[in-house]
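Let's look at how a few labels get attached to a protein model. Have the structure open as you read.

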Amino acid sequence: MEWFAEKVTEIGINAVTCLRSRYSERKEVKENRMQKILVSAMKQSQKATLPDFGGLTDFKTFIRQPFEGEKYIVHCQPGDKTLLKQAYPVGSNALILIGPEGDFSEEEVVLALQHGFKPISLGESRLRTETAALVACHTLHVLNM
């Protein structure tokens, strides 16, 4: 998670929140350490904005929060999914949920869809959590260049 936060800060994301979902392995996040990593990455990459760090947040609480922009969920369950690069309107705000190593539960996917999240794909490969999150952030970055 620390590596991911560092790299997406260098890319220029606005916020990172760790989700506690049914299959999450991580039970705590050292917020002070994460904040130091974000500040260091921001300075090193000469970014003017420090990403907000939302800490460790319960999945059900997080998806109910208001968000102005596109909301997506990446999961491995069967069903129709649009590629992120085709679903995303360039220039818009986006919130992308990436599941833990064990993926989101069926209940979590259904709940996210009920709260306006759209199912998307990052391609044919099954990616580890950190890789999927980095691919999603980089895809938006490239589309917005």
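Q: What makes a residue "buried" here?
A: In this predicted model, buried means under 20% relative accessible area.

Q: Which residues of α6 are called buried?
A: T129, A132, A133, A136, C137, T139 and L140. They carry the label because each falls under 20% relative accessible area.

Q: How do you know that the buried residues of α6 line one face of the helix?
A: Look down the axis of α6: its buried residues fall within an arc of 155 degrees, so they sit along one face. The general idea is handy too: an α-helix has 3.6 residues a turn, so residues three or four places apart point the same way.

Q: What covers the buried residues of α6?
A: The cover includes α1, α4 (84-87) and β5.

Q: How do you know what span to expect for α6?
A: Take 1.5 Å times one less than the number of residues. α6 has 15 residues, and the expected span is 21 Å. From first C-alpha to last, α6 reaches 21 Å, close to what's expected.

Q: What makes α6 stand out in the lining of the largest pocket?
A: α6 gives the most to that lining, with 7 residues. The lining has 43 residues, and C137 is one of those nearest the pocket's centre.

Q: How much space lies in the largest pocket?
A: About 1300 Å³. The second largest pocket has about 480 Å³, and α6 supplies at least two residues of its lining as well.

Terms used
Residues numbered from 1 in each chain as written. Predicted model: local features only at pLDDT ≥ 70, side-chain atom pairs only at ≥ 80, totals over all residues. Heavy atoms only, no water. 1 Å grid on protein atoms, 1.4 Å probe; cavity = no way out; pocket = protein on both sides within 12 Å on 5 of 7 lines; lining within 4 Å. Points joined across faces, edges and corners; volume = space filled by probe spheres on them. Helix = DSSP H or I, 4+ residues; strand = E, 2+ residues; numbered from the N terminus. Buried < 20%, exposed > 50% of the residue type's maximum accessible area, 1.4 Å probe, protein only. Arc of directions from axis to C-beta. Contact = heavy atoms within 4.5 Å.
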